[in-house]
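Please look over the sequence and the fold before reading on. The notes below are meant to be read beside them.

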Amino acid sequence: MHQIFHLYRNAFSKLHKNAWILSITMFINRSGSMVLLFTSLYLTKQLNYKIEQAGIIMSFYGMGSILGSYTGGYLTDRKNFFDVMFFSLISCGLILLLMLTTTKMYFIAAIIFFYAFSSDMFRPANSTAIVIYSTPDNRTRSVSLVRLAVNLGFSVGPAVGGFVALYLGYKWLFVIDACTSFAAAAILYIYLPRHVQQKDKHLHPVLMDKTTSAYRDYRYLFFILLVAFFGICFFQLFASIPQYFSKICKYNEDTIGLLLALNGILVVLIEMPLITKLEKNKKIFPFIISGTLCIPVALCILMFSKGWMPGAIFYTFIITLSEIFAMPFMMNFALSRPLKERQGQYSALYSIAFGIANIAAPVLGLGIASRFGFDNMFLFFAGLAVLTAIGFIMLNRKIKIHPDKMNLVDGS
């Protein structure tokens, strides 16, 4: 017991206080983020849209995410990251309230697009803040602390959201999420000091030198492609698996919410102490590869369990391991590779990868499930995950990591 306590204490020690403020802000914001998890059910069960229509509508989230990430990265490299984060949170809350005013397909798609645009402006700015408030030695733990806050929020959000949807109605989800966005903005404004940025930041020579651009870093672009493939497979947890639980397993909303909350709870309990151990290894890609290979294992478990609740729980455990192993080290790679003046651009591309995944995940997942059945959908994404793992293995052979600073350079 003493060793476990010591492990947890080490996991949370020597982190910048502003990293904690960022994490608290993320927890409050993500506690209300049950909207994305239940919107597809809202569209099909309350508004009576077909499953294919729901998939198309949800794909607008990914489109907005891509443009929002690009815009957020551009602004972060040229403006104060604090202003970008604050604007993102306020606008998210205002846009979500518009969901109370319409049931039209195209209006809902537009609202989801602009919500994602505003929401994902936050990501590059937040990533830059993490770099500023961390050191190379504790960067992965700082990433994991923010992820812990996100997942703790996701643990609260789906569990509460399932009951809210079932007993109060889906529209209350949008009200609650808007309120948490406003609350997160208030915490950020009151407690996070506004970072003093370099004068004429937008005229820095690095920004004028096109050879430093992320778009000239071809190995990083290949990494971004692989991250997008990983995201497409992993995001089935939110895109198609709730529909599988509802239509095939016959689980109701509160049960689905609790299963999704279990994912967040496991991340909260496991990730920080595990990352503290793994971070000492100074290796990135073996963990990313292991996390990617957890996806086909998890999908096969779900496919063969046929609605058996222990199978659904075991699936959630394995898919959570995928997230824990892969995502903190993916983000560390994205944060550690660029010059600091290009931090926003590199972080934006990383966010764009997940935006692409958010477009493709519901369209592919729900489209394949609708036409060929959920079992064939599971097999498709299991195969894609294996190919993605092979891609990471190839990339690992081309990139080496400095043993002291976790900086990444091209290998020969």
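The paragraphs below go through salt bridges, helices, backbone angles and a surface patch.

This is a predicted model, in which local features need pLDDT of at least 70 and side-chain atom pairs count only at pLDDT 80 or more, while totals for chains, interfaces and linings use all residues. Residues are numbered from 1 along each chain as its sequence is written, and side-chain values use heavy atoms, with hydrogens and water left out.

How many salt bridges does the structure hold? There are 2, a salt bridge being a side-chain nitrogen of Lys or Arg within 4 Å of a carboxyl oxygen of Asp or Glu. Asp217 pairs with Arg337, with 2.6 Å between the closest N and O atoms. This pair links distant parts of the chain, 120 residues apart: Asp217 is in the loop between α9 (205-208) and α10 (218-234), and Arg337 is in the loop between α15 and α16 (343-372). Helices here are DSSP runs (H or I, at least four residues), numbered from the N terminus. Both Asp217 and Arg337 are buried; buried means under 20% relative accessible area, exposed over 50%, and partly exposed in between, with a 1.4 Å probe and protein chains only.

The other salt bridge joins Lys306 to Asp375, the closest N and O atoms being 2.7 Å apart. Lys306 lies in the loop between α14 and α15 and Asp375 in helix α17 (residues 374-398), so the pair ties together parts that are 69 residues apart in sequence. Lys306 is exposed, at 54% relative accessible area, whereas Asp375 is partly exposed, at 30%.

Helix α14 (residues 285-305) has 21 residues, which should span 30 Å at 1.5 Å a residue; the end C-alpha atoms are 31 Å apart, in agreement. The expected span is 1.5 Å times one less than the number of residues. Of the 21 residues of α14, 15 are buried.

Positive phi values occur at other non-glycine residues too. Asn48, in the loop between α3 (35-46) and α4 (51-78), has a phi near 65 degrees and is exposed, with a relative accessible area of 62%. Lys250, in the loop between α12 (241-247) and α13, has a positive phi of about 65 degrees and is exposed at 65%.

Which residues does Ile275 contact beyond its neighbours within four places in sequence? Ile275 belongs to helix α13 (residues 253-279) and is buried, at 0% relative accessibility. Its contacts (heavy atoms within 4.5 Å) are Thr140, Arg141, Ser144, Ile324, Pro328 and Phe329. Ile275 and Phe329 are 54 residues apart in sequence, with 9.2 Å between their C-alpha atoms.

Thr316 sits in helix α15 (residues 309-336) and is buried, with a relative accessible area of 2%. Not counting residues up to four places away in sequence, Thr316 touches Leu259, Leu262, Asn263 and Leu266. The Thr316 side chain also reaches the backbone oxygen of Ala312 at 2.9 Å.

On the surface, Phe163, Leu166, Tyr167, Leu168, Trp172 and Leu258 form a nonpolar patch with about 640 Å² of accessible area together. Such a patch joins nonpolar side chains (Val, Leu, Ile, Met, Phe, Trp, Tyr) within 5 Å, from residues with over 30% relative accessible area and no salt bridge. Helix α7 (residues 139-167) gives the most to the patch, with 3 residues. Phe163 is in α7 and is partly exposed, at 36% relative accessibility.

Definitions and conventions. Patch = residues over 30% accessible without salt bridge, like charges linked within 9 Å, V, L, I, M, F, W, Y side chains within 5 Å. Areas by Shrake-Rupley, 256 points an atom, 1.4 Å probe, with all protein chains shown as cover. Helix = DSSP H or I, 4+ residues; strand = E, 2+ residues; numbered from the N terminus. Polar contact = N/O pair within 3.5 Å; in protein donor to acceptor, adjacent residues only side chain to side chain.
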